[in-house]
Amino acid sequence: ALPGEWQGERTVTSPTRWPAAPGRVAAAIRLLNEARAVGATPPEATEPTGVDGDGGEGRREVRMDLPEGTLVLRFAARPLGGAVLVAVRHPKRPEQVTLAQVQPDVADLLTAESVLAWRDDRMLPDALASQRLRLVSTSGSVALGRAGGRWHLVEPATAPADEGVVGRVLGVLGGVRITRFADGGVPEAARSVLAQSDTRMLLTMPGGVSSGGLAGEPVEVQVQIGGPADASGRSVFAEIERPGSEPFAVVIDASSLTQLSTDATKYLFAHATAVPKADIGQVTLTLTGGGTLRWSRGVEGWSLTRDGGQATLLDRLGGAEVEDVLTFLTSTRASRLSLTALDDTGEKAVVGTLALASPGGQPLAELRLLNWPGARLPVQSEGAFRGYGQLPGLLERHLAGVLPPLAAGGEGGQSGASGTEAGGAAGNGPDMNK
């Protein structure tokens, strides 16, 4: 009997190394395990009658590496009596050849052409395990990296990224289907388009079956997107380059690539800070024109200290207002996002800062509060600008003298400056094929 679960890597190695589709190797092993032994040959018989294939022509040999050694199966070239004879030489009993019978369709499953069909048709099966992602198109490039358990934008600027958006993009990449392996090569015209293409993606992921390289060691997989492979344009040529193998071409379904974007703002974390609300024990508001207010959380609740004076314990309503500010900073999505200022952001635009600290006073984040005509309260924090239309009551009161009047309907005005509406990335980006 063969192992019920194939140990180690499942790959198809000819004509190029590629992961096998989950379950296909195991399914083949289950079918072989159902073969019935019909006898054994003497130790000196190396080519059992009926398996020699008339001098070896058309005979198929399958070798399977097991922990004990190599298992060799030799299939007869033609069925006999509705079954195909197979000679099995097991590494535990190398001196003995066991004869068994299998159905012709099982034997056909192990031809070279059939084994190639075992290849996983996903272009990037392990995309969700990526630690770094870079997308490049004619409209620009964007790079993201995972560190400290979180995704961050690293190109063209450094800022926290939206985990959900990055996850959806990796899901899209992991779902791109290969419609054809170009084992016979790529037409010269398509090869030229591939060589000149500016559209590509690079993923850094743990080494192993899908990505190549040594297991556990990070490796970079590059995919170059070329021109159309059919008249409809739905399929395009792509070239995949992985450690340990030569670049090779495939044809992929390009329909999902339109969901990818190189607009960095679409990946930005949309909240003013990535610090968890529960970690914040102190909030200090410093106004540029003078004055400092510090709210501190203690055993009895929140207290307020003005300009370094005596702390005053707040009542339940006052404490709830501080909690509203924390919810606003950590959970409210900005109405506008930008990596560059929506307007002039010289020092004259800064109306104050909000410093967040732990209950023990350990600094956690600092947010610059800006006065822009285009938004009620833009916040510059953690590498990005975020604009908000409506503020918590506590901030409205203390910033009333330095912010523009509240527009009709309770929202700040909107300017025509650069930026993007917050709300997600995948699905609205430029076509990665162009």
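## Basis and confidence

Residues are numbered from 1 along each chain as its sequence is written. The model is predicted, so local features need pLDDT of at least 70, side-chain atom pairs count only at pLDDT 80 or more, and totals for chains, interfaces and linings use all residues, while side-chain values use heavy atoms, with hydrogens and water left out.

pLDDT is the predictor's confidence in each residue, from 0 to 100. The chain averages 78. Of its residues, 78% reach 70 or more. Residues 1-9 fall below 50. That stretch still has 17 contacts in the model beyond near neighbours in sequence; a contact means heavy atoms within 4.5 Å. Residues 407-419 also stay under 50, with 26 contacts beyond four places in sequence. Where pLDDT is low, the predicted coordinates should not be read in detail.

## The nine-stranded sheet

Helices (H or I, at least four residues) and strands (E, at least two) are DSSP runs, numbered from the N terminus. Two strands pair if DSSP finds at least two bridges between them. Nine strands make an open sheet, ordered β11-β10-β9-β8-β13-β14-β15-β16-β12. The pairing is antiparallel. At the edges are β11 (159-160) and β12 (178-181), each pairing on one side only.

Within this sheet order, β9 sits beside β10. Five bridges link β9 (residues 140-147) to β10 (residues 150-155), in the antiparallel sense. Gly145 stands opposite His152 in β10.

Strand β24 spans residues 377-381. Four of its five residues are buried, meaning under 20% relative accessible area, against over 50% for exposed and in between for partly exposed (1.4 Å probe, protein chains only).

β24 has antiparallel pairings with β23 (residues 363-370), over two bridges, and with β25 (residues 384-388), over five bridges. Arg368 stands opposite Gln380 in β24. Ser381 faces Ala384 in β25. β24 and β25 form a hairpin with two residues between them. In the turn, Glu382 has a positive phi of about 50°.

## Leu399

Which helix holds Leu399? Leu399 lies in α8, residues 393-399. Leu399 counts as buried because its relative accessibility is 0%.

Leu399 touches Leu285, Leu287, Leu369 and Leu377, leaving aside residues up to four places away in sequence. Leu377 is 22 residues from Leu399 in sequence. In space, their C-alpha atoms are 9.6 Å apart.
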